[in-house]
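I opened this model to go through its loops, strands and rings, one entry at a time. My notes follow in the order I looked things up.

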Amino acid sequence: MPKLNTFLAASAALSAALVAPAFAQPIAVGGAASGALEQSDPVNDERMSYMDAYEITLAEGQAIEVRMASEVFDTYLIIGLQQPGYFESYDYNDDSEGTLNSRLRFVAPQAGTYTIQATSFGSETTGPYSL
């Protein structure tokens, strides 16, 4: 049984790593960040694109606007809640104001810590961005 227990423990750890927002960086309302999509980043399962994640705490009814810009790639923003075992997407934005940059306006339907996924429209795209 020791081999089975080791396998189950390793499987549980891997599953937790794939769905837990442990890689998310905190960002405050009104805050800014810069980063880069890299081949070592987690992959958005739906888009098959590299992503960075940011956590923001919002009150019910609180409105925010998130902008993402890059001179290298077509940006894509997603906001939602990390649930046990999956990510619940609430809204997204690809192109804004005739550019390849993204702007997402969002009103929190409930109080909580939301996850912003900064990613790209194309799969396997890398490069710097600002948020």
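This is a predicted model: local features need pLDDT of at least 70, side-chain atom pairs count only at pLDDT 80 or more; totals for chains, interfaces and linings use all residues.

**Entry 1: Glu124.** Glu124 is exposed, at 61% relative accessible area. I traced Glu124 to the loop between β9 and β10. I then checked the backbone. The phi of Glu124 is near 60 degrees, a positive value in a residue other than glycine.

**Entry 2: Glu97.** I looked up Glu97 next. Glu97 also has a positive phi, about 55 degrees, although it is not a glycine. Glu97 belongs to the loop between β7 (86-93) and β8. Is Glu97 buried or exposed? I read a relative accessible area of 54%, and the cut-off for exposed is over 50%. Glu97 is therefore exposed.

I listed what Glu97 touches. Leaving out residues up to four places away in sequence, I found Arg67 and Arg103. The side chains of Glu97 and Arg103 make a polar contact at 2.6 Å.

**Entry 3: β5 and β8.** Those two arginines took me to a strand pair. Arg103 in β8 is the bridge partner of Arg67. β5 (residues 63-68) and β8 (residues 102-107) run antiparallel and are joined by six bridges. I sorted β5 by face. The covered face holds Ile64, Val66 and Met68. Ala63, Glu65 and Arg67 make up the uncovered face.

**Entry 4: whole chain.** I stepped back to count elements. The chain has one helix and 10 strands. From the N terminus, the order is α-β-β-β-β-β-β-β-β-β-β. Of the 131 residues, 35% are buried. I put the accessible surface at about 7,600 Å², with 55% of that belonging to carbon and sulfur atoms. I also checked contact range. Of the contacts between residues at least 6 apart in sequence, 72% join residues at least 24 apart.

**Entry 5: β4.** How many of the 10 residues of β4 are buried? Eight are, so β4 is largely enclosed by the rest of the structure.

I went through the partners of β4 in turn:

- β1 (residues 25-26) pairs with β4 in the parallel sense, over two bridges. Gln25 stands opposite Tyr54 there.
- β3 (residues 43-44) runs antiparallel to β4, with two bridges. Asn44 stands opposite Ser49.
- β9 runs antiparallel to β4, with eight bridges. Asp52 has Ala118 in β9 as its bridge partner.

β3 and β4 form a hairpin with four residues between them. Met48 sits in that turn, with a positive phi of about 55 degrees.

**Entry 6: Gln117.** I stayed on β9, where Gln117 is placed. Its relative accessible area is 5%, and Gln117 is buried. Which side chain makes a polar contact with the side chain of Gln117? I found Asn44, at 2.6 Å. Asn44 is the residue I had noted opposite Ser49 in β4.

I then took the contact list of Gln117, leaving aside neighbours within four places in sequence. The list runs Asn44, Met51, Asp52, Tyr76, Leu77, Ile78 and Phe87. Tyr76 was my next stop.

**Entry 7: Tyr76 and the rings.** I counted five aromatic pairs. Tyr76 and Phe121 form one that is tilted, with 6.4 Å centre to centre and 45 degrees between the planes. Why does this pair tie together separate parts of the sequence? Tyr76 lies in β6 (residues 75-83) and Phe121 in the loop between β9 (112-120) and β10 (127-130), so the pair links parts that are 45 residues apart in sequence.

I compared accessibility for the two rings. Tyr76 counts as buried, at 9% relative accessibility. Phe121 counts as partly exposed, at 44%.

Tyr76, Tyr92 and Phe121 form one aromatic cluster. The charged end of Arg47 also sits over the ring of Tyr76, 3.8 Å from its centre.

**Entry 8: recap.** Tyr76 pairs with Phe121, carries the charged end of Arg47 over its ring, and is in contact with Gln117. Asn44 meets Gln117 side chain to side chain. Glu97 touches both Arg67 and Arg103.

Notes
Residues are numbered from 1 along each chain as its sequence is written. Side-chain values use heavy atoms; hydrogens and water are left out. Buried means under 20% relative accessible area, exposed over 50%, partly exposed in between (1.4 Å probe, protein chains only). Contact means heavy atoms within 4.5 Å. Accessible areas come from the Shrake-Rupley method with a 1.4 Å probe; for residues, only the protein chains shown count as cover. Two strands pair if DSSP finds at least two bridges between them. Rings of Phe, Tyr and Trp (its six-membered ring) pair if their centres lie within 6.5 Å; planes under 30 degrees apart count as stacked, over 60 as edge-to-face and the rest as tilted. A charge sits over a ring if NZ of Lys or CZ of Arg is within 6 Å of the ring centre and within 35 degrees of the ring normal. A polar contact is a pair of N or O atoms within 3.5 Å; within protein, one must be able to donate a hydrogen and the other to accept it, and residues adjacent in sequence count only if both atoms are side-chain atoms.
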